[in-house]
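Hi,

Here is the structure I said I would pass on to you. Have a look at it first, and then read my notes below.

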Amino acid sequence: MQKGLSGQRLVTLFLAGMVLFNFPLLSLFDRSAPDIGGVPMLYVYVFLVWTMLVGGMALIIEGGGRS
Amino acid sequence: MLSGLSIVLASLAYLGLLFAIAHFGDRRADQGRSIIDNAYVYGLSLAVYCTAWTYFGSVGRAASSGISFLPVYLGPTLGMALAWLILLKMVRISKAYRITSIADFIASRYGKSHVLGGLVSVIALIGTVPYIALQLKAVSSGIDLLVPADDALAHVANGGGWFDTTLLIALALAAFTILFGTRHLDAAERHEGMVAAIAFESLVKLGGFLAIGIYVTYFLYDGVGDIFRRAAEDPALRRLFTLAHGNGAYGNWFTLTVLSMFSVFLLPRQFQVAVVENVNEHHIRRAIWVFPAYLLLINLFVVPIALGGLMHFGVGGVDPDTFVLTLPLSHDHQALALLVFIGGLSAATGMVIVETIAVSTMVCNDLVMPLVLRIGGLGLARERDLTGLLLTIRRGAILLILLLGYVYYQVAGEAYALVGIGLISFAAVAQFAPALLGAMYWRGGTHLGALWGLSAGFLVWGYTLLLPSFAKSGWLDASLLTEGPWGIGWLRPEHLFGMTGLDNLSHALFWSLFANCGAFLAGSAFRPPNAVEAGQATMFVDVARRTAGVGTSFWRGTGQVRDLVTLVGRFLGPQRAEDAFLRYARLRGWNNLDEMEADPSVVQFAEIQLAGAIGSASARAMVASTVKEEVIGIDEVMEILDEASQVRAYSHQLEEKSRALEAATAELRAANERMKELDRLKDDFMSSVSHELRTPLTSIRAFSEMLCEDPKIDLEDRKRFLGIIVSETVRLTRLVNQVLDMAKIESGHVEWQNAEVDLREVVTQAVDSVSQMLKDRGQEVRVQFPEIVPLLWADRDRLVQVVLNLLSNGSKFAPKEAGVLEVRMTADGERVRVDVKDNGPGIAAAEQGLIFEKFRQGGDIRDKPQGTGLGLPISRQIVEHFGGRLWVTSEVGAGATFSFELPVGWRDDATAGDNQT
């Protein structure tokens with residue numbers, strides 16, 4: 001198993017998530033307007049970052065395994 | 001409306017389906033064709049994290065405070081990013097030492113202690129029972145909503161008596177858990193059928209929740225944007241769009257993130273599915289993204305459902321926790337409501353089943369078994385087969401836990417103590433974090449530290465979180481919260497020491513973890529670890545580097561193999577124990593049990609086998625009662641550890657050394673080859689030199705003898721002979737000088753007088769000094785310089801010597817009277833090049849390499865030109881010393897061009913002007 005690099009990438013993702021999902025970055029998006037297609041900014045931001053995190057994990061795990 | 005009967009039947013049918021799946025899973029496991037040996041199944045089974053609290057409660061929390069429930073799922077997402085570090089290690093340790101619960105994990109690491117295991121079990125039990133009650137309440141209120149009040153079954157379903165559908169479901173779950181959780185005593189404590197059912201339940205609850213989410217979002221409303229746009233018109237709902245509407249919202253958000261990050265590894269049910277039920281550690285990899293993806297999906301529609309419900313029923317109209325059921329019911333979609341209810345049922349039952357198994361294992365191994373063994377005087381210790389007893393204890397524990405949950409549900413009802421239990425429970429298991437993480441990454445933690453830490457954390461948790469929840473439920477005087485116990489203000493449970501500014505969860509988590517970590521560190525520093533602690537610490541922390549065999553040396557026991565087999569047989573069944581030992585014996589190279597010697601590793605093997613069934617602390621006690629145990633002191637353990645690490649270090653050093661030796665050998669061999677080559681060259685050189693010296697000496701001697709013997713030689717001849725002698729002596733001197741020169745250059749003893757040199761001056765000087773000789777021979781020299789020549793850093797006299805040598809060589813081979821020498825200099829930014837071209841006979845390609853060797857001269861042997869054969873080699877040495885090169889291009893009959901070029905930037909600063917030694 002390629003523990004080294006994948007592990008490092010996952011830890012990086014974890015740190016990025018910790019920062020992106022918490023104060024003070026979170027407060028930048030903590031507003032209802034402007035909305036995106038009616039959905040408040042905060043909701044769009046949190047779910048977008050979440051999707052990107054999960055996507056990133058999948059990429060590291062599934063992509064890293066082949067190379 | 002649905003009839004009450006149809007709902008009960010549907011629920012029971014669903015449970016029946018679970019039984020079928022679990023049965024299928026177990027059968028396939030027995031056949032060795034596991035259906036859960038799959039990373040996706042593993043990922044789905046982790047989703048047992050999402051309980052009825054998620055399924056119904058998330059919508060409720062979203063309806064009151066918007067997105068603030070989300071960290072409960074963001075935390076696990078982030079936590080899973082670290083699963084490859086933390087979870088993998090937990091799985092490896094647990095597999096290596098047959099650890100079957102979180103209590104066993106902590107007890108085993110800190111000295112195989114009964115007390116510690118018992119404490120962890122009690123914390124888990126207290127944190128779990130109300131949580132199970134919450135699940136039962138969710139199911140019960142779901143049934144209440146679905147069953148019409150005038151139904152014949154209604155008075156049974158919610159009659160409030162001691163027999164109702166909730167009890168029925170609790171008993172059905174107990175039956176399921178007993179059937180698939182305690183089918184037989186497995187040393188690894190894995191339950192494949194149960195895991196298959198749980199993974200299936202995860203799919204069902206996701207399907208149910210997505211169904212209601214899509215229904216509300218796209219059928220009742222016109223998509224997510226539409227719901228938000230409509231909600232935005234109501235200021236009360238618009239308030240939910242942002243987070244910072246309350247004080248400390250970000251602090252609470254952070255606390256929840258951290259808390260749920262811990263929970264995903266520390267909740268008893270998570271430990272059960274993630275660690276104990278793990279089939280293959282490689283499954284963890286895929287679960288790292290599958291589980292977070294699941295969490296993301298199940299949370300997509302929470303807020304739309306909450307807003308939709310609030311707009312439909314009005315704020316305060318209907319309990320938001322029930323929106324997922326009341327929304328379809330109010331639009332008369334009974335079938336959808338039933339589907340959603342089944343989803344909720346699976347969320348609740350999944351949690352209850354796994355949590356009950358996990359906690360019952362702890363209760364049996366860490367609470368009941370130690371007591372049973374302690375009162376072994378009753379004759380139990382001599383009982384031949386204790387498997388029946390063990391299974392009975394487990395089954396009893398399962399039934400007891402579920403009934404406790406049911407009773408708590410009946411007693412607590414709508415009380416805060418039940419509704420808020422989700423997070424209170426999270427905070428309880430968070431107390432395991434310091435001891436558990438310390439167990440894997442810190443060698444210094446001791447039994448005392450873990451005991452103090454867990455106790456302190458648990459007490460503070462109880463005081464700051466559990467007690468207030470009782471007070472809010474009206475079971476205790478509410479003045480406890482406002483004025484503090486006995487009116488002491490700074491002891492108010494939610495504002496300990498007057499701390500304000502934190503919400504009650506963050507407040508409790510801070511104080512409890514503060515006390516926990518502090519006591520853990522203080523306790524560990526209080527006294528040095530004893531032998532067992534030090535040994536276990538190394539085995540846990542270094543699990544990746546240690547094979548099971550190494551651990552055996554930490555405690556030495558000897559005894560009879562037969563005794564050990566009998567002992568293990570009492571708990572695992574005699575036949576299975578015999579089989580296990582036989583397999584182990586074959587592995588170690590014995591043919592049968594009688595040949596086997598009860599060495600320490602066999603004793604260790606027996607202990608690990610037992611640990612799977614009765615926990616490591618009890619296993620230790622049992623084995624110790626059977627075999628004679630040598631007492632090993634801490635010094636000895638440290639010595640063994642040191643020895644092991646020293647051996648590792650030595651072997652590493654040895655490898656290094658042998659590698660270095662090989663390299664040195666190769667170097668020596670190469671040096672030897674070079675020496676031989678040099679020796680041969682030296683011999684060649686010596687013979688050449690002596691040959692060259694002999695020629696002039698011979699002629700000098702011959703002419704001297706003639707002069708000496710014949711006094712009558714006339715003056716003319718005498719003059720001629722003396723002239724020859726003089727010129728031969730000159731030649732001899734030059735030869736000796738050049739040989740010395742050559743030797744000096746080769747050995748690096750030359751003093752290089754380096755300075756900035758203009759090569760044009762060098763060439764001019766050389767040409768001037770040979771011009772008279774050339775004129776005498778009737779030869780002509782043409783010189784061509786570029787306009788700009790960069791200065792070189794070199795020894796001017798040496799370069800003159802090189803050019804002089806090339807010119808006199810050219811002159812020797814160029815024809816007399818018609819000879820023409822062309823000297824051409826070219827320069828670019830990096831190099832200066834000098835070509836000396838003659839119009840002599842040229843040099844054949846085969847000879848072009850040879851002329852640079854010592855004592856080789858070009859041209860015909862017959863008319864051997866005057867020269868020593870050392871000029872070109874010396875010149876080449878000089879040019880190469882300055883970083884340049886010297887070569888020849890020539891064709892026979894078209895003259896020869898000797899060229900050399902020197903780099904402009906060359907500067908041998910380290911040695912310039914020094915004696916090269």
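**A salt bridge inside one helix**

Let's start with Asp226(B) and Arg230(B), whose side chains meet in a salt bridge, with N to O at 3.4 Å. Keep in mind that this is a predicted model. Both residues sit in helix α11 of chain B, 4 residues apart, which is about one turn of the helix. An α-helix has 3.6 residues a turn, so residues three or four places apart point the same way. Side chains of opposite charge can then pair when their charged atoms come close. Are the two partners buried or exposed? Asp226(B) has a relative accessible area of 14%, so it is buried, while Arg230(B), at 41%, counts as partly exposed.

**Where the two chains meet**

How many residues of chain B are in contact with chain A? The count is 40, and they touch 35 residues of chain A. Between them the chains bury about 3500 Å², and 76% of that is on carbon and sulfur atoms. The rule finds 1 salt bridge across this interface. That salt bridge pairs Glu62(A) with Arg286(B), at 2.8 Å from N to O. There are also 6 residue pairs in polar contact across the interface of chain B and chain A.

If you want to find the chain B side by eye, look for α4 (71-81), α11 (224-232), α13 (249-266) and α15 (283-299), which each supply at least two of the residues touching chain A. The largest share, 9 residues, comes from α15(B). Sorted by type, the residues on this side of chain B are 28 nonpolar, 7 polar and 5 charged.

Over all chains, the salt bridge count comes to 17.

Arg798(B) pairs with Asp741(B), and their closest N and O atoms are 3.1 Å apart. Since Arg798(B) lies in helix α35 and Asp741(B) in helix α33, the pair ties together parts that are 57 residues apart in sequence. Arg798(B) is buried, with a relative accessible area of 13%, and Asp741(B) is buried too, at 13%.

Next, Arg831(B) forms a salt bridge with Glu901(B), with 3.3 Å between the closest N and O atoms. Arg831(B) is in strand β7 and Glu901(B) in strand β9, so this pair ties together parts that are 70 residues apart in sequence. Glu901(B) is buried, at 12% relative accessible area, whereas Arg831(B) is partly exposed, at 31%. Arg885(B) joins in as well: Arg831(B), Arg885(B) and Glu901(B) are linked in a network of salt bridges.

**An enclosed helix and an exposed loop**

Why is helix α37 (residues 871-881) of chain B described as largely enclosed by the rest of the structure? Because 8 of its 11 residues are buried. Among them are Leu872(B), Ile874(B), Ile878(B) and Val879(B). The cover over these buried residues includes α33 (715-747), α35 (796-813), β8 (885-890) and β9 (896-903) of chain B. After α37(B) comes Gly883(B), which has a positive phi, near 80°.

Finally, look at the loop between β6 (820-827) and β7 (831-837) of chain B, where you'll find Gly829(B). Gly829(B) is exposed, with a relative accessible area of 65%.

Cheers

Definitions and conventions
Residues numbered from 1 in each chain as written. Chains lettered and ligands numbered in written order. Heavy atoms only, no water. Contact = heavy atoms within 4.5 Å. Buried area = accessible area lost by both parts, 1.4 Å probe. Salt bridge = Lys/Arg side-chain N within 4 Å of Asp/Glu carboxyl O. Polar contact = N/O pair within 3.5 Å; in protein donor to acceptor, adjacent residues only side chain to side chain. Nonpolar A, V, L, I, M, F, W, Y, C, P; charged D, E, K, R; others polar. Buried < 20%, exposed > 50% of the residue type's maximum accessible area, 1.4 Å probe, protein only.
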